[in-house]
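Student: I would like to learn how to read a structure. Can we go through one together?
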Amino acid sequence: MKYAIINIFIIVAASVGSIFFTGALSVLLMLAGLMMVIVTYSTLDDDSFEGVAVREDEHEETGSAVKSNIKRFSAVTAVKLVAAGAFAVVSGGFPGFAVFAVFDEWKWFVNGIAATVLFVISSIFGMSGKLDSRDTAILIIESLILMAIVMILSLVKSYMNILDRRKEADKVRVLNSNVNEMHEKRLNRELVMQNYLADKNARLLERENISRNIHNSVGHSITAAIMTLDAADMLYDVKPDEARKRMNDANERIRGSLESIRRAVRTLDDAEGTVPISDLKAATVGIVDDFKMDTERRVDILDDLVPETQVPKEHVEFLTGALEEFLTNGVKHGNATEFIVMLSGDSAHIKLEVKDNGRSDFGETNRESRIEKGFGVKKIISYAERCGGKAFFDNSEYGFRSAVELPILQ
């Protein structure tokens with residue numbers, strides 16, 4: 001709208017300057033009014049045209065609208081050119097040709113050249129081609145003045161246009177800066193939240209590891225010690241020497257529980273390393289021997305392990321705890337008297353499986369509720385799934401089967 005006002009001012013100035021030269025003032029004023037309407041419309045049309053963003057992925061409707069704008073833009077420019085030419089010729093003098101400065105579609109020097117060329121042609125035809133040296137000199141001076149006026153006016157408008165674009169660019173930069181700052185703040189908040197959640201998850205995992213290790217090692221050792229003390233109490237009056245031996249065994253199991261706590265803490269502090277598969281086998285044999293001594297149950301061990309395999313320390317701690325859980329549950333919930341412990345695996349997986357001859361009401365109908373109530377079993381399932389493995393339980397007429405399989409990441 002600002003450029004429309006400037007163009008109207010140019011038309012008014014050209015009209016006033018041409019009053020002394022024209023012999024058709026009414027026609028001049030009519031053409032001036034027409035020019036005002038045209039430049040106002042063309043300026044508004046240019047604004048809407050410049051606001052159209054053309055992208056390759058626009059719909060065909062948008063492309064058609066842009067083409068329509070281009071045609072209307074060219075038509076308005078042509079009408080403006082005809083009206084400006086008529087106004088300049090009717091004005092009768094060089095001030096009227098300054099109206100060519102209203103062409104925002106052209107470069108500043110094009111405006112000056114067009115106005116000057118048309119002025120020279122019009123003047124020559126007006127003098128019927130008869131120019132003496134004085135007329136030629138006047139024509140040259142008027143042409144230079146006209147070209148200077150048109151170019152200066154066009155330059156002023158171009159400079160204003162540049163300033164407007166710079167202001168608009170500054171606004172866009174400020175807006176983009178604010179948007180980027182907001183985006184950065186949002187990303188920082190998300191990063192802080194992610195770090196908080198990661199730290200919280202790490203603490204939860206560490207807490208789960210501690211609770212599982214203490215439950216698996218200390219819990220079962222204390223359970224075995226209690227069973228041994230109960231047996232000693234029953235034998236105290238009948239076989240005091242045997243009762244004393246059972247009490248000493250219970251004492252050793254309590255001491256072993258303390259060592260298990262220390263071992264669990266050491267494992268958590270250094271859970272990134274690996275140990276040979278033979279260490280797992282040795283730990284399994286030790287757990288089975290203690291279990292046989294405490295419960296007087298029969299336990300057979302079978303293994304199909306690759307000797308060179310390296311197992312993460314955390315897996316060893318978990319599997320030994322799971323073995324204690326499976327053996328204790330077999331006695332506690334199934335009253336089992338015979339067990340088969342099987343270790344198998346290769347360079348990619350390791351599997352612990354325990355079968356017993358116990359009787360249990362565990363089945364498909366109550367699987368979820370029974371697992372939900374079992375603290376140790378839930379921890380086993382949670383660890384296996386978190387590591388990308390699986391834990392499964394099966395009850396049949398031949399007894400109960402518990403198994404856990406873990407991947408070995410080399």
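Predicted model: local features only at pLDDT ≥ 70, side-chain atom pairs only at ≥ 80, totals over all residues.
Tutor: Let us start with a definition. Helices and strands are DSSP runs, numbered from the N terminus.

Student: How many helices and strands does the chain have?

Tutor: There are eleven helices and seven strands.

Student: What share of the 410 residues is buried?

Tutor: Buried means under 20% relative accessible area. Here 35% of the 410 residues in the chain are buried. The chain exposes about 24400 Å². Carbon and sulfur atoms supply 60% of that area.

Student: What share of the contacts comes from residues 24 or more positions apart?

Tutor: A contact means heavy atoms within 4.5 Å. Take the contacts in the chain with a separation of 6 or more. Residues 24 or more positions apart account for 72% of them.

Student: Back to Arg297. Which side chain of opposite charge is nearest to Arg297, and how far away is it?

Tutor: A salt bridge needs a side-chain nitrogen of Lys or Arg within 4 Å of a carboxyl oxygen of Asp or Glu. Arg297 is buried yet has no salt bridge. The nearest side chain of opposite charge is Glu296, 6.8 Å away.

Student: Which backbone oxygens lie 3.0 Å from a polar atom of the Arg297 side chain?

Tutor: One is the backbone oxygen of Thr295, at 3.0 Å from a polar atom of the Arg297 side chain. Another belongs to Ala336, and its distance is given as 3.0 Å.

Student: Which residues is Arg297 in contact with, leaving aside neighbours within four places in sequence?

Tutor: With those neighbours left aside, Arg297 is in contact with Phe291, Lys292, Val331, Asn335, Ala336, Thr337 and Phe339.

Student: What is the phi of Asn335 near?

Tutor: Phi of Asn335 is near 55°. That is a positive value in a residue other than glycine. Asn335 is found in the loop between helix H9 (313–334) and strand E4 (338–345). At 56% relative accessibility, Asn335 counts as exposed.

Student: Now salt bridges. How many does a search of the whole structure find?

Tutor: The search finds seven salt bridges. One of them joins Glu181 and Lys185. Their closest N and O atoms are 3.6 Å apart.

Student: Where do Glu181 and Lys185 lie?

Tutor: Both lie in helix H6 (residues 133–235). They are four residues apart, about one turn of the helix. Glu181 is partly exposed, with a relative accessible area of 40%. Lys185 is partly exposed, at 46%.

Student: Which residue forms a salt bridge with Lys351?

Tutor: Lys351 pairs with Glu353, the closest N and O atoms being 3.8 Å apart. Lys351 is partly exposed, with a relative accessible area of 21%. Glu353 has 10% relative accessibility, so it counts as buried.

Student: How does Arg401 meet Glu353?

Tutor: Their side chains meet in a salt bridge, 3.1 Å from N to O. This pair links distant parts of the chain. Arg401 is in strand E7 (residues 399–407), and Glu353 is in strand E5 (residues 349–356), 48 residues apart. Arg401 is partly exposed, with a relative accessible area of 25%. Salt bridges that share partners join Lys351, Glu353 and Arg401 into one network.

Student: Which helix gives the most to the nonpolar patch?

Tutor: Helix H5 (residues 108–126) gives the most, with seven residues. Val117 has its place in helix H5. At 45% relative accessibility, Val117 counts as partly exposed.

Technical notes
Residues numbered from 1 in each chain as written. Heavy atoms only, no water. Helix = DSSP H or I, 4+ residues; strand = E, 2+ residues; numbered from the N terminus. Buried < 20%, exposed > 50% of the residue type's maximum accessible area, 1.4 Å probe, protein only. Areas by Shrake-Rupley, 256 points an atom, 1.4 Å probe, with all protein chains shown as cover. Lys, Arg positive; Asp, Glu negative; His and termini not counted. Polar contact = N/O pair within 3.5 Å; in protein donor to acceptor, adjacent residues only side chain to side chain.
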